[in-house]
Amino acid sequence: MKSASKFEKVAARCWNLLNEGKPFTPIFVFGTFLLFYLGDLASAENLSSLVLSLLGVIPILAIYFIFDFPLFLRNYLWIPFIVFLIVWNDVNLSLLLFATGLYFFFTVFFWGTLYYHLRIGTSWLNFTRFWKLVLKNSDSTSGNAQEQMPKFLLVLSIWDMVYQNYLSGEGTDFFPILLFYGFIFVFAWILHRYLFDWKPSMYTNFTKDSTKKPTKALSDKVIVIVIDGMRKERFYEANTPFLDTLKDNGTEYMNMETVYPARTVVCFTSMFTGTYPYEHGITSNMVWKLGIKVESIFDSLRKVGKKGRLLGIAHLVDSMGDDVETVTAVMHNDQADPNIMKRAKKIMKEQDPDLFIVQMIATDQTGHSRGVLYDEYIQKIEEADALVKDFVEWLDAEGKMENTTLCICADHGQADGIGGHGHLDEGERYVPFFMHGPHIERGKKVEQKHSLVSMAPTLAYLLGAPFPSHSRGEVLVDSIKESRDSE
Ligand SMILES: [Zn+2]
C-alpha cells in the first residue's frame, strides 16, 4: 500500500513535459537538432550559429504552443509545411528522416514499450500494438503523430535553413520568414476561431446565486468512486452486475458531460471545485503552478467541521494538495486497483471521512497502453465492478452505509488511439454517472444534459456544506429525494 514518493511526484511532473503535446514540441525539436548536429558543437562558431538560428524559430514554436490544432484541425497543419516547401524549397531530408525516426522511437518504444513496461508491467512486445495507437491518437499528448509530425517537420526545416545560411556566411533575410509566421498565426487563429466549435457550453452563474445553501445534511457520508477513463459505451458492453444494480436502483444521468480539455487533473479539479479550468487554473495535466485558485469541496466541508479525502494518483496533489492521499502509479496494472481499494479501506477505517473520493486507475491505464477497443479494456472495467462490490460490502459490514450516498462516475471517456483524451473526440465527452443511496431516487434516468461541474455543489448539498466559492455547476436535484424533514 505504498504512497507515491516525493521522487515519484517530481518524476511524474517531469514526465508530463514529454507527455503533454505542448511542451513536447519545443523539447523534441531542440533535442533532435542538437543530436543531429552533435559533431558540429565542438566549434564555438557553429555553436553561436546554432543559438542565433534557434532565435529564428522561437515565434513558430510559440504559435504551435498556443494553438494545438485539435482533432480534425490537425490536418490543416500540413498546409504551412507545404507552403514552406513551395516557397523555400529547402529541405534537409536526412534531418527530417532522423527526426521522424526519433519521434517513433520515442513514442512507440520509449513510451509505449519501455516506460509502460517499467511502470505498469505491460509486455515487452507492446510496440506491436502501440504504433497503431500513435497513428490514430487524437488527444493533446505527444503521442499524436498527426499533430506532432507536421509541427516538428516545419520547425526543424526552418531552423536548419537559417542555421545553414549562418554557417555559409550568407545570413538570412528574416522578412519573408516573419511574414510567413504572420500568415501561420492568422491561419491558426481563423481555424481555431471558426472551426473549433465543439467545446461544451458553460454555466455562467455561481451555484450560490441560483440555489439555496443547504441548511442541514441529507447524507451522513458520500463516497465517490471515479473509474478513471471509463468510456461510456464500453461500460455498457462490459459485464458489471454490481454497478448495474447500483445504476438501476439509483439515478443515472444519461448525458453527463465532462469538461474541456478532458485531461484527468483538469476534470478532477472541475468536479471538486464546481467550476472550469479558466477559473480554477488547472488547464492540463501539466500543472505549472501548484494549487488551485478557488475553493474546493474540501474547503467547504472544513467550514462545517467535516472532512473530505481524495485517494488518487500523484498528479492530483498538484492541484488539490493536502486533501489528497496518493497511491503510487508504479505498479503492475493488474495490482493497481486492488491496491487502491485496500488503501481505501484503511483510510475509511482510520480517518472515517464524511466525503471520500477514490480514483480507480487501471481502466484508464489499460486504455492508454493497450487501446480502448480491445478486450483488455473491458476486462479492467469488469475487475473494477468486482472491486467496488467488495468495497461497498465491506463498508456495509463496518456499519458505514447506513445513510451513505454512493456516486459512481468517470472523469472523462477515452477515444481510440493511445486511449487518448483531451479534445473530446468520439467516446470522450459523455461519461457514466449514477448515484445510489437512501436519499437518491430509485430507477430514475435523467436525460437532460448535465456537466461534471455539478459534482461539487451536489456533494455540498448532500453533506450540508456551503457551495465552494466559485462553484457554477447546478445541484443534481433530479436525483435527490425530499429532505429529511419531510420524511
Ligand atoms: Zn482520467
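A charge sits over a ring if NZ of Lys or CZ of Arg is within 6 Å of the ring centre and within 35 degrees of the ring normal. Arg193 gives an example here: its charged end sits over the ring of Tyr194, 5.0 Å from the centre. Welcome to this structure, which is a predicted model: local features need pLDDT of at least 70, side-chain atom pairs count only at pLDDT 80 or more, and totals for chains, interfaces and linings use all residues. Residues are numbered from 1 along each chain as its sequence is written, and side-chain values use heavy atoms, with hydrogens and water left out.

**The zinc site**

- The zinc ion is coordinated at 2.0 to 2.8 Å by Asp228 (OD), Asp228 (OD), Thr264 (OG1), Asp411 (OD) and His412 (NE2).
- Donors are N, O and S atoms within 2.8 Å of the metal (3.2 Å for Na, K and Ca); water is not among the atoms, so sites may look incomplete.
- Along the sequence, the donor residues follow the spacing D-x35-T-x146-D-H.
- Helices (H or I, at least four residues) and strands (E, at least two) are DSSP runs, numbered from the N terminus.
- Asp228 is buried, with a relative accessible area of 0%, and Thr264 is buried too, at 6%.
- Buried means under 20% relative accessible area, exposed over 50%, and partly exposed in between (1.4 Å probe, protein chains only).

**Aromatic rings and charges**

- The structure holds 41 aromatic pairs.
- Phe196 and Tyr260 have ring centres 5.4 Å apart and planes at 65°, so this pair is edge-to-face.
- This pair joins distant parts of the chain, 64 residues apart, with Phe196 in the loop between α9 (174-194) and α10 (207-210) and Tyr260 in the loop between β2 (251-257) and α13.
- Phe196 is buried at 14% relative accessible area, and Tyr260 is buried at 16%.
- Tyr253 and Phe433 also form an edge-to-face pair, 5.8 Å centre to centre with 85° between the planes.
- Here the link spans 180 residues, from Tyr253 in strand β2 to Phe433 in strand β8 (residues 433-436).
- Tyr253 and Phe433 are both buried.
- Rings of Phe, Tyr and Trp (its six-membered ring) pair if their centres lie within 6.5 Å; planes under 30 degrees apart count as stacked, over 60 as edge-to-face and the rest as tilted.
- One aromatic cluster includes Trp15, Phe24, Phe28, Tyr103 and Trp111 among its members.
- The charged end of Lys208 sits over the ring of Phe206, 4.7 Å from its centre.

**Cysteines**

- A disulfide is a covalent bond between the sulfur atoms of two cysteines.
- With a disulfide taken as a pair of cysteine sulfur atoms within 2.5 Å, the count comes to 0 disulfides.
- The sulfur of Cys407 has its closest cysteine sulfur in Cys409, but at 4.8 Å this is too far for a bond.
- Cys407 is buried, with a relative accessible area of 1%, and Cys409 is buried at 0%.

**Helix α17**

- Helix α17 (residues 333-350) has 18 residues and should span 26 Å at 1.5 Å a residue, which agrees with the 26 Å between its end C-alpha atoms.
- The expected span of a helix is 1.5 Å times one less than its number of residues.
- Buried residues of α17 include Asn333, Asp337, Ile340, Arg343 and Met348.
- Just after α17, Asp352 takes a positive phi of about 45°.

- Contact means heavy atoms within 4.5 Å.
- Asn16 is found in helix α1 (residues 6-19) and counts as buried at 3% relative accessibility.
- Not counting residues up to four places away in sequence, Asn16 touches Pro23, Asn285, Met286 and His315.
- Thr240 lies in the loop between α11 and α12 (241-248) and is buried, with a relative accessible area of 0%.
- Leaving aside neighbours within four places in sequence, Thr240 is in contact with Phe235, Ile381, Glu382 and Asp385.
- The C-alpha atoms of Thr240 and Lys389 are separated by 9.9 Å, and these residues are 149 residues apart along the chain.
- Ile408 belongs to strand β6 (residues 404-409) and is buried, at 1% relative accessible area.
- Beyond its neighbours within four places in sequence, Ile408 has contacts including Ile225, Leu243, Val388 and Phe433.
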